[in-house]
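Please look at the sequence and the model first.

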Amino acid sequence: MVRRNWTAAALSGVLAVSVLAGCGGGDGGNGGDSGSGNDDGKITLGFSQVGAESGWRTANTKSIQESAASAGIDLKFSDAQGKQENQISAIRNFITQKVDVIAFSPVVTSGWDAVLQEAKDADIPVILTDRAVDSQDTSLFKSFIGSDFVVEGQKAGDWLLKEYEGKSEPVNIVELQGTTGSAPALDRQKGFQEKIATNPNMKIVKSQTGDFKRADGKTVMETFLQSTPDIDVLYAHNDDMGLGAIEAIEAAGKKPGTDIKIITVDAVKDGMTALADGKINFIVECSPLLGPQLMELVKKADAGEEIPARVLTEETTFTQEQAKEALPTRQY
Ligand code: AHR
């Protein structure tokens with residue numbers, strides 16, 4: 001697509017700085033026309049995905065690929081296989097190829113300033129999807145679309161507080177964290193801890209990363225079960241780790257959902273099935289279907305239009321009964 005011309009837009013009054021929402025606005029002073037990724041009239045989007053660690057991620061990739069195709073956007077998709085260095089080199093490649101817009105879901109929160117500055121210097125707008133970065137300079141990206149992971153952790157904590165309301169016995173909780181240093185792992189832990197801190201009976205007795213993967217969830221839960229005989233609750237930062245943990249719990253002769261209450265995040269089909277079957281007790285939804293909204297933002301960013309600094313995903317929670325109702329029409 002023909003590169004947006006920030007300077008022209010600003011001169012014509014289309015891009016009024018006063019109405020721009022926070023970090024999403026403006027060209028950061030770059031201005032100018034840096035050329036386009038191709039000559040076929042299509043917008044070229046370079047997208048760097050985390051990997052394929054979970055059912056959520058698979059659904060997210062599908063949503064992005066399908067939405068790009070139906071929006072007529074030329075998608076250059078790169079799978080980082082869980083490694084930040086792969087994402088950084090993918091972004092550098094996108095810059096070299098002069099794509100129109102770059103979007104990525106950062107594996108971890110820190111260490112992005114240099115490459116984001118390179119994209120800004122090349123006048124290529126960047127949109128964060130799903131996960132945040134900790135950059136202080138918010139002019140390095142135009143928008144961030146995704147969930148509020150702290151709120152997700154709080155919802156998990158709220159459910160647990162209610163579950164043990166009026167009871168005085170100690171509640172031993174084990175936690176399966178997501179990828180170390182990732183926004184969802186940090187924030188889901190934070191939100192959950194904030195809530196359970198209000199009940200002195202509740203204690204996280206073990207907490208370890210399972211890297212958002214089913215196999216790791218299983219092995220870490222096996223070690224939890226060996227070292228800690230009296231586990232009351234498992235809080236897993238995603239369904240996949242929870243599902244792996246269920247295998248470990250069953251292999252240890254215990255009944256998931258009954259002997260050990262389980263809370264997870266995501267609400268992918270496999271998780272919802274386990275919830276409906278009584279093996280999980282509560283799921284906090286995290287929607288992977290970011291593709292359609294992302295493509296709208298990409299089109300606007302390419303055209304030099306204002307875009308919101310933050311696009312928050314709408315999400316709910318599921319009890320076992322609600323999962324039974326929702327399952328037949330669940331898309332992912
Ligand atoms: O960033 C979103 C998280 O990443 C999902 O909750 C998890 O399943 C995925 O791997």
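How far does a polar side-chain atom of arginine 131 lie from an oxygen atom of the ligand? The distance for arginine 131 is 2.8 Å. The model is predicted: local features need pLDDT of at least 70 and side-chain atom pairs count only at pLDDT 80 or more, while totals for chains, interfaces and linings use all residues. Residues are numbered from 1 along each chain as its sequence is written, and side-chain values use heavy atoms, with hydrogens and water left out.

**The ligand**

| Residue | Distance to a ligand oxygen atom |
|---|---|
| Aspartate 130 | 2.8 Å |
| Arginine 131 | 2.8 Å |
| Asparagine 238 | 2.9 Å |

On its own, the ligand has 280 Å² of accessible area, and the protein covers 100% of it (Shrake-Rupley method, 1.4 Å probe). Helix 2 (55–71) and helix 6 (183–196) are the elements that give two or more residues to the shell around the ligand; helices are DSSP runs of H or I with at least four residues, strands are runs of E with at least two, and both are numbered from the N terminus. Among the residues that surround the ligand are Trp56, Arg57, Pro184 and Arg188. By class, the shell has six charged, four nonpolar and two polar residues (Asp, Glu, Lys and Arg count as charged; Ala, Val, Leu, Ile, Met, Phe, Trp, Tyr, Cys and Pro as nonpolar; the others, Gly among them, as polar).

**Helix 2**

Helix 2 has 17 residues, and its first and last C-alpha atoms are 24 Å apart, close to the 24 Å expected at 1.5 Å a residue (1.5 Å times one less than the number of residues). Its buried residues include Trp56, Arg57, Asn60 and Ile64; buried means under 20% relative accessible area, exposed over 50%, and partly exposed in between, with a 1.4 Å probe and protein chains only. The buried residues of helix 2 pack against strand 1 (44–49), strand 2 (74–79), helix 8 (239–251), strand 9 (261–266) and helix 10 (291–302). Just after helix 2, glycine 72 takes a positive phi of about 70°.

**Two further residues**

Serine 135 is in the loop between strand 4 (126–129) and strand 5 (143–146). Serine 135 counts as buried because its relative accessibility is 8%. Glutamate 163 is part of helix 5 (residues 149–163). Glutamate 163 has 27% relative accessibility and therefore counts as partly exposed. The C-alpha atoms of glutamate 163 and lysine 261 are separated by 9.9 Å, although these residues are 98 residues apart along the chain.

How values were computed. Near = heavy atom within 4 Å. Polar contact = N/O pair within 3.5 Å; in protein donor to acceptor, adjacent residues only side chain to side chain. Contact = heavy atoms within 4.5 Å.
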